[in-house]
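My notes follow the model.

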Amino acid sequence: MKASYITEEHEILRQSLRKFLEKEAYPYYDEWEKAGEVPRDFWRKLGEQGYLCPWLDEKYGGFGADFGYSVVINEEMEKVGTGLIGVGLHTDIVVPYLETYGTEKQKQRWLPKCTTGECITAIAMTEPGAGSDLASIRTTAVENEKGFTLNGEKTFITNGIHADLVVVVCKTDPHASPAYKGISLMVVERDTPGFSRGRKLDKIGLNSQDTSELIFEDAAVSKDNLLGKKGEGFYYLMNQLQQERLIVGIGAIAACERMLELTVAYVKERKAFGKSIASFQNTQFKLAELQTEVEIGRTFLDRTIEAHMNGEDVVKEVSMSKWWTTDLVKKVAMECMHLHGGYGYMEEYEIARRFRDAPVTAIYAGSNEIMKTIIAKKMGLV
Ligand SMILES: Cc1cc2nc3c(=O)[nH]c(=O)nc-3n(C[C@H](O)[C@H](O)[C@H](O)COP(=O)(O)OP(=O)(O)OC[C@H]3O[C@@H](n4cnc5c(N)ncnc54)[C@H](O)[C@@H]3O)c2cc1C
């Protein structure tokens, strides 16, 4: 079943992106996994072809594309590997903050380079002592005549090493009550004095994705880099996190589809007891069940994407699809690896990498427990 928001133009983009990735990404992906990062050169190539932030207005270098294009781009990136999540994070998660809350002057300054790949972005919410409980972050931005002095530490930041611009979640009023009212967003640029990168983190999956710590020690941030209004940061986050969670769901379903494709091919070819593994009823039932669940997930996700594109309030549905699809991707990874037998546990088989990459999707962008607290609130239970 094809999603109603996917048109012929979207499919044309998919075909050309696929060709591009077959040449520029698939052959190098294992190398990137070993290197622990995707080279900047790949970002510039993506930019040259118009695959970064296509939704931006033409005056900033985009082509005013609808969200359907973002869906296609995220799906095709995911098919290469979940380690390319940083591209979707840049295009559909961080740059939308700049576009939505930036002044015209800020947009003119930052957005064009975000479409060319010269400027890579990141968002820094999480700290060593605060992840799910965002209101308890400790990074502070103290105002002075020239701007703000930023102090604090962030961790687990996607694109942390490559990032030229980081949207930093900080407290401009650490004594605000309730605490979330003291939160603001600052755009910190690569060469800001007092801003440095900490460790590049050693993860069990998403190996080609650079994830790092960021450190702010009396970092001097200009007044011009405050994003939106002081004290409004938490509201901005709550608005933008919807699309972030949708992007994670899109990746999860694309990963499920890829794992099923790999496993169906494998079980048809692999033989035991003189028959193909596919001929055992257990294999057929397992794969039939997974295929059903993935199609159910895809249908609900597509409906939520459509509602999001129509500007409807989808907080509840996004939370539902985020937890459900990312629980599903873990299950699919586990079952598909199992159907590969011992080979599934070997790094040379793609399913092994997918098995390592899947679990984090249920943790980031708001853990699945946090998604359930949101749904419970929407149900009037809190
Ligand atoms: C690979 C990777 C990339 C990431 N990228 C980014 C990024 O780009 N930017 C960024 O800011 N952050 C990023 N994160 C951080 C991520 O968003 C957090 O890890 C996540 O929000 C969870 O926070 P935490 O790790 O502090 O866990 P905690 O908040 O300490 O949670 C620990 C456990 O307790 C559960 N829990 C917490 N609160 C509740 C509750 N109220 N009810 C029930 N259970 C609860 C959680 O679900 C979880 O299972 C990334 C993380 C990873 C691993």
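**Domain 1 against domain 3**

I looked up polar contacts first, and the rule finds seven residue pairs across the interface of domain 1 and domain 3, both residues at pLDDT 80 or more. A polar contact is a pair of N or O atoms within 3.5 Å; within protein, one must be able to donate a hydrogen and the other to accept it, and residues adjacent in sequence count only if both atoms are side-chain atoms.

The model is predicted, so I note the limits: local features need pLDDT of at least 70, side-chain atom pairs count only at pLDDT 80 or more, and totals for chains, interfaces and linings use all residues. Residues are numbered from 1 along each chain as its sequence is written, and side-chain values use heavy atoms, with hydrogens and water left out.

I then looked for salt bridges (a side-chain nitrogen of Lys or Arg within 4 Å of a carboxyl oxygen of Asp or Glu). The interface of domain 1 and domain 3 has two by this rule. I also noted the salt bridge of E78 with R354, where the closest N and O atoms are 2.9 Å apart.

Next I asked which helix gives the most to the side of domain 1 that touches domain 3. I found α4, with eight residues (helices are DSSP runs of H or I, at least four residues, numbered from the N terminus).

Last, I looked up buried area, the accessible area (1.4 Å probe) that two parts lose on being put together, summed over both. Domain 1 and domain 3 bury about 2,000 Å² between them, with 63% of it on carbon and sulfur atoms. In domain 1, F67, Y97 and Y101 lose the most area to domain 3, together 31% of what that side buries.

Conventions:
Helix = DSSP H or I, 4+ residues; strand = E, 2+ residues; numbered from the N terminus.
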